[in-house]
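Hello,

Here is the structure for your review. My notes follow below it.

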Amino acid sequence: MPPPRTRGTALRQRLADLRGPDVPAKALDARALAALAANPGCRRRAILDGAGVDKAALAGALGSPSAFGQSQFALTRGNAFEAKVKADGGAELLRLVHEKLDPRAVPPAGASVPDLSAIGPEGRTARTALTLREATEASGAWTLLDHPMLALDVAGSAAFLEPDAVVVHPDGSWTVVEIKSFPMLDGAADPAKVGAAARQAAVYVLALEEIAARLDPAPEVRHRVLLVCPKDFSNLPTASAVDVRKQRAVTSRQLARLTRIQDIADALPDGTCFSPELPPEQLTAAVESVPATYAPECLAACELAFHCRDRSRAAGAVTTLGRPVRAELGGLTTVEDVLAAARGEAGDPDDPAVAALRRAAQLRSEALGAMCR
């Protein structure tokens, strides 16, 4: 068996070949990781994200351009708001952390904001881990880590993550800070957007827990994160504490279920490549060589959703109707199977799903007959 370093080098080269010659890898961020964890059975997304393939460019080359992602205006507005929140050494940000999460601690006047610059993501990750250890040992002081770099093992491949900020409290505990540009109106924000931010923050919490586990004693990684947003319709920051224990548990469990990237890559035909520069027929064949698990929720989380939806509809897969419907139908995986079972042409009569379908078909027939009389 080759040594781990050799296996890791071979996998990196294999993933680079899947992207195509001289195509830079697209970083796997926490938002994509949370979406991947929400659909752990999708091997297609796992290998594309693991290889760093630009799925938006891939979707366009396949003829199903993605409508997923933030507009340039939203990105610019978000960057401006984040800069405002972190101005003056993060004074306002630390004030919000103190007010919402740790009011009994000493006020964060004169907090430390260390330099986290280093060469490459591996260097920044090591620098972040060292800074967290030093800040934890320097008890009694506040420390703000602006855009630290964290690493998380995902299906045997390292993903580098960059939270907006991490705060080390005077007691040595750590808090994740998420800064978003959507507003909090009367102290509350859009629940769907808060949920997405919580899932994203849960990924950062998991990555911080891996760092904390290597320290002795291990510091506490707080499960209440700080969500910072504009107040009402102004550009003034306000904040809310969000408990992400549920999201953290779900994400951890789902990430553990992911098939290893190495196993998926080994199962691909030799010469498989996902470069958008390939002819459409060859590119489509490469994408279809990896099974996908489509569900309507993918439309809000994956750039390839339109392509996978078209293929799922063409195959008559019941997952096109949603995961709850798929779960209710048991072994009936296609719409054709469902209709045949309802008509009594196929299926085991003792199967509860088949029995329910036949009963529903009978009731529909009786109802239509009564309307025609």
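The sulfur of Cys-42 has its closest cysteine sulfur in Cys-308, 6.1 Å away, which is too far for a bond. A disulfide here is a pair of cysteine sulfur atoms within 2.5 Å. The structure holds zero disulfides. Cys-42 counts as buried because its relative accessibility is 8%. Cys-298, at 13%, counts as buried too. The cut-offs are under 20% relative accessible area for buried, over 50% for exposed and partly exposed in between (1.4 Å probe, protein chains only).

Some ground rules. This is a predicted model, where local features need pLDDT of at least 70 and side-chain atom pairs count only at pLDDT 80 or more, while totals for chains, interfaces and linings use all residues. Residues are numbered from 1 along each chain as its sequence is written, and side-chain values use heavy atoms, with hydrogens and water left out.

Next, helix packing. Helices (H or I, at least four residues) are DSSP runs, as are strands (E, at least two), and both are numbered from the N terminus. Helix 5 (residues 72-85) packs on helix 6 at an angle of about 90°, with the axes 6 Å apart. The axes are lines fitted to C-alpha atoms, for helices over the stretch in contact, and angles run from 0 to 180 degrees between N-to-C directions. The two helices, helix 5 and helix 6, are therefore roughly perpendicular (65 to 115 degrees; under 35 is roughly parallel, over 145 roughly antiparallel, the rest oblique). Ala-83, Lys-84 and Val-85 of helix 5 meet Ala-87, Gly-90, Glu-92 and Leu-93 of helix 6. These contact residues divide into four nonpolar, one polar and two charged. Ala, Val, Leu, Ile, Met, Phe, Trp, Tyr, Cys and Pro count as nonpolar, Asp, Glu, Lys and Arg as charged, and the others, Gly among them, as polar.

Two single residues. Gln-200 sits in helix 8 (residues 191-213). Gln-200 counts as buried, at 10% relative accessibility. Beyond its neighbours within four places in sequence, Gln-200 is in contact (heavy atoms within 4.5 Å) with Ala-30, Arg-31, Ala-34, Glu-178 and Lys-180. Ile-119 is in the loop between helix 6 (87-101) and helix 7 (120-137). Ile-119 is exposed, with a relative accessible area of 81%.

Last, helix 14 (residues 335-342). Its buried residues are Val-338, Ala-340, Ala-341 and Ala-342. The buried residues of helix 14 pack against helix 15 (352-372). Just after helix 14, Gly-344 takes a positive phi of about 85°.

Best wishes
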